[in-house]
Amino acid sequence: DTLVNQIAAGEVVERPASVVKELVENALDAGAARIDIELEEGGVRLIRVRDDGGGIPADELPLAVARHATSKIASLEDLERVATLGFRGEALPSIASVSRFTLSSRVAGSGHGARLEVEGGKAAPVLPHPHPLGTTVEVRDLFYNVPARRRFLRAERTELGHIEDWLRSLALARPGVELRVSHNGRLSRHYRPVADAGERLRRLAEALGDDFTRQCLQIEHAASGLRLYGWVGLPTAARSSADQQFFYVNGRAVRDRTVAHAVRQAYADVLFHGRHPAFVLFLECDPRQVDVNVHPAKHEVRFREQRLVHEFIYRSLHEALAGARA
Ligand code: ADP
Ligand code: MG
């Protein structure tokens, strides 16, 4: 089974950033309001994610690292309209098979917490272990037992960059959640929790800098069962680049050519250029209109009605940009 998990790890775990993503998404699924992420050496030496979510009962710790054991889906029907971020039940076993892995947790009503250690896919017995409410996952020495993959890891700075990019994208989508990131013992990022819509710009500035927030335009548009809201940078904004493009479908960050094309075209038609517009946009639609199950790790979606989505995004932006130019 260790081998099966290591093969799955090849799909799910590409680098430290993919581990951070899986662990943080689990924390969010568990209802965390605050998530602490401690990293060492770009996450290769250590990734420790602690949350204040619901926790895992001691007797369920082994299940959490067992293959295809997910507590999030009860039926095939659920799979159709999956609301939680994780749903395959393969992240933890995959990660645990290629690292020195520790899962510690405590649920409400339990006097003390418990802890499960897994080394290279082999789980030790669950032991009592003091822990605050919530869960801590520790991943040490990623790929220590898969040298071929370890060789593909890049410099500390590069791996940290991937982690911070992903966290930035998450911070934009989940403004109510506090995120603290430390690297080699130093606090490197702190996204403070946003209590209401009015504070949302603060989170935007924490993530993208105030060059963006000083010049951006707010979008809010709904039609044909679709809703688009967010912010787009105006061409006067000091610097916009491809890494300031954030698009979310039902709260999930995606990269999609239909979307990118619609945005670029709206900019081009109103402002006569559309090379690298900066934007943070959220599309909400009926979950049945979109297939997120395309690839476990890549941020791809498939819209059932691509042309409708394209048209809707194009129109929303075109209207807003034209209004701002007038
Ligand atoms: P999935 O998220 O697809 O269900 P994972 O392998 O990521 O699969 O996690 C397995 C299970 O472990 C989850 O279904 C959940 O029950 C439990 N779990 C993992 N991380 C946490 C966490 N931070 N808080 C509470 N439960 C967790
Ligand atoms: Mg998961």
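The points below take up the strands, the helices and a few individual residues in turn.

1. The model is a predicted one, and the remarks that follow should be read with that in mind.

2. I would begin with the open sheet, in which 5 strands are arranged in the order 10-11-14-12-13 with mixed pairing.

3. Helix 7 touches strand 12, strand 13 and strand 14, and its direction makes about 55 degrees with that of strand 12. Helix 11 (residues 306-325), in turn, touches strand 10 and strand 11 (226-233), and its direction makes about 135 degrees with that of strand 10.

4. On the side of helix 10 the contact includes Val259, Ala262, Val263, Ala266 and Val270, while on the side of helix 11 the contributing residues include Val309, Ile313, Leu317 and Leu321. By class, the contact of helix 10 with helix 11 has 13 nonpolar, 6 polar and 2 charged residues.

5. Helix 2 (residues 16-29) packs with helix 7 (residues 156-173) at an angle of about 30 degrees, the axes being 8 Å apart, which makes helix 2 roughly parallel to helix 7. Helix 2 passes helix 7 in a right-handed crossing. Helix 2 contributes Pro16, Ala17, Val20, Lys21 and Val24 to the contact, and helix 7 contributes Glu159, His162, Ile163, Trp166 and Leu170. By class, the contact of helix 2 with helix 7 has 7 nonpolar, 1 polar and 2 charged residues.

6. Turning to strand 1 (residues 34-40), which of its residues form the covered face, and which the uncovered one? The covered face of strand 1 consists of Ile35, Ile37 and Leu39, whereas Arg34, Asp36, Glu38 and Glu40 make up the uncovered face. The pattern can be read against a general rule, namely that in a regular strand the side chains alternate between the two faces of the sheet.

7. Strand 1 pairs with strand 8 (residues 178-183) in the parallel sense over 6 bridges, with Glu38 standing opposite Ser182 of strand 8. Strand 1 also pairs with strand 2 (residues 46-51), here in the antiparallel sense over 6 bridges, and the bridge partner of Asp36 in strand 2 is Arg50.

8. Strand 8 runs antiparallel to strand 9 (residues 186-191), to which 5 bridges join it, and Leu179 has Tyr191 of strand 9 as its bridge partner. Strand 8 and strand 9 form a hairpin with 2 residues between them, and in this turn Asn184 has a positive phi of about 50 degrees.

9. Glu41, in the loop between strand 1 and strand 2, has a positive phi of about 50 degrees although it is not a glycine; the hairpin of strand 1 and strand 2 has 5 residues between the strands. Glu41 counts as partly exposed because it has 17 C-beta neighbours inside 10 Å. Asn250, in the loop between strand 12 and strand 13, likewise has a positive phi of about 50 degrees without being a glycine, and with 16 C-beta neighbours inside 10 Å Asn250 is also counted as partly exposed.

10. Finally, where is Glu300 found? Glu300 is found in the loop between strand 15 (290-291) and strand 16 (302-303), and it is partly exposed, with 14 other C-beta atoms within 10 Å. The C-alpha atoms of Glu300 and Trp231 are separated by 22 Å, the two residues being 69 residues apart along the chain.

Conventions: Residues numbered from 1 in each chain as written. Chains lettered and ligands numbered in written order. Predicted model: local features only at pLDDT ≥ 70, side-chain atom pairs only at ≥ 80, totals over all residues. Axes fitted to C-alpha atoms, helices over the stretch in contact; angles between N-to-C directions. Helix = DSSP H or I, 4+ residues; strand = E, 2+ residues; numbered from the N terminus. Parallel < 35°, antiparallel > 145°, perpendicular 65-115°, else oblique. Left-handed = near helix turned anticlockwise from the far one by under 90°. Contact = placed C-beta atoms within 7 Å. Nonpolar A, V, L, I, M, F, W, Y, C, P; charged D, E, K, R; others polar. Pairing = 2+ DSSP bridges. Buried ≥ 20, exposed ≤ 12 C-beta atoms within 10 Å, placed from the backbone.
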